[in-house]
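My notes follow in the order in which I checked things.

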Amino acid sequence: MLFRSPLKKPEGVKDLIDFLMSKATPANEWELDQDDATTLSPEERVEEVVREKLYRFLHQELPYEIRQTNRLFRVVKRQDESLVVEAHQDLVVRTKSHKEMICGRGNRTLEHIRSAAVRDLEVIFGCPVELLLHVKHSKSRNWTI
């Protein structure tokens, strides 16, 4: 089956939009106020952002086989009075092949995951973020996530 961009062949797009709008739940206001804060701790927010990047960069294959552990989380005030968030996280996997997949050739995949997570975390925290990701292979037979 071939799909064409609606921008190149716009017939039927209005019908589709009308159908979707007829099925949408009407609402006059947002469920949450834009200033509402999350209930997640800063450490949990780092975990969630890293998990999302793992999912995206590993093509939805491995995230449920990775145990994430926050090794360090702290906010440091620099000499110039600016703040920086330091976060270190262990990514523990069951097999060496999973470790190799996460790291990628020359650690490129891991670096892509890290840099994408840093971009999102800097927006969330409103300051520079130094994120270190450590990939470890667990030899334990008692694997629980």
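I began with the outward side of helix 3, where Lys96 and Glu100 are exposed, exposed meaning over 50% relative accessible area, buried under 20% and partly exposed in between, with a 1.4 Å probe and protein chains only. Helices (H or I, at least four residues) and strands (E, at least two) are DSSP runs numbered from the N terminus.

I noted that this is a predicted model, in which local features need pLDDT of at least 70 and side-chain atom pairs pLDDT 80 or more, while totals for chains, interfaces and linings use all residues. Residues are numbered from 1 along each chain as its sequence is written, and side-chain values use heavy atoms, without hydrogens and water.

Next I listed the buried residues of helix 3 (residues 96-103), which are His98, Ile102 and Cys103. They lie on the same side of helix 3 because they cover an arc of only 130° around the axis, taken from the directions from the helix axis to the C-beta atoms. Their packing partners include helix 2 (42-57) and helix 4 (108-125), contact being heavy atoms within 4.5 Å. After helix 3 I found Gly104, with a positive phi near 75°.

I then turned to Asp90, which sits in strand 2 (residues 83-93) and is buried, at a relative accessible area of 10%. Its side chain makes a polar contact of 2.7 Å with that of Arg71, that is, a pair of N or O atoms within 3.5 Å, where within protein one must be able to donate a hydrogen and the other to accept it, and residues adjacent in sequence count only if both atoms are side-chain atoms.
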